[in-house]
Amino acid sequence: IGSPPPSSGGGAIIGAARFLSGYATPMSSFADTLSKHRLVEAMKHVFAIRMSLSDPAYNTSVTVDAINDMTRGSYMEKLRRQTP
């Protein structure tokens, strides 16, 4: 239970999952370094995008764009391609 506006955690989780879904084996073995690197990169990107969120009553377009970047479109794929 929380107070409005809704938590941004759901969008961040979806964004991280979309980032990781582009790999053939995104979390094949969490013990290996590559899986940890990919998870950290996914979280780095979604938390950076999440910083753009604000009260939708005052900054509707910025908030909608940030949520759409995490949950729709090709933005997460673009970030994944740029990740070493």
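**Notebook: salt bridges and a helix contact**

I began with helix 4 (residues 75-82), where Glu77 and Arg81 sit 4 residues apart, about one helical turn. I am working from a predicted model.

I looked up how the two side chains meet. Glu77 and Arg81 form a salt bridge, 3.0 Å from N to O. I then checked accessibility for each partner. Glu77 is partly exposed, with a relative accessible area of 38%. Arg81 has a relative accessibility of 60%. Arg81 counts as exposed because the cut-off is over 50%.

Next I asked how many salt bridges a search of the whole structure finds. The search returns 2.

I turned to the salt bridge of Lys44 with Glu41. Their closest N and O atoms are 3.0 Å apart. I placed both residues in helix 2 (residues 33-50). They are 3 residues apart there, about one turn of the helix.

Is Glu41 buried or exposed? I found Glu41 buried, at 11% relative accessible area. That label applies because buried means under 20%. Lys44 is partly exposed, at 46%.

Last, I looked at helix packing. Helix 1 (residues 9-21) packs with helix 3 (residues 60-71) at an angle of about 40°. Their axes are 7 Å apart. I listed the residues in contact. Helix 1 contributes Gly11, Ala12, Ile14, Gly15 and Arg18. Helix 3 contributes Asp69, Met70 and Thr71. I sorted the residues of this contact by type and got 3 nonpolar, 3 polar and 2 charged.

Terms used:
Residues numbered from 1 in each chain as written. Predicted model: local features only at pLDDT ≥ 70, side-chain atom pairs only at ≥ 80, totals over all residues. Heavy atoms only, no water. Axes fitted to C-alpha atoms, helices over the stretch in contact; angles between N-to-C directions. Helix = DSSP H or I, 4+ residues; strand = E, 2+ residues; numbered from the N terminus. Contact = heavy atoms within 4.5 Å. Nonpolar A, V, L, I, M, F, W, Y, C, P; charged D, E, K, R; others polar. Salt bridge = Lys/Arg side-chain N within 4 Å of Asp/Glu carboxyl O. Buried < 20%, exposed > 50% of the residue type's maximum accessible area, 1.4 Å probe, protein only.
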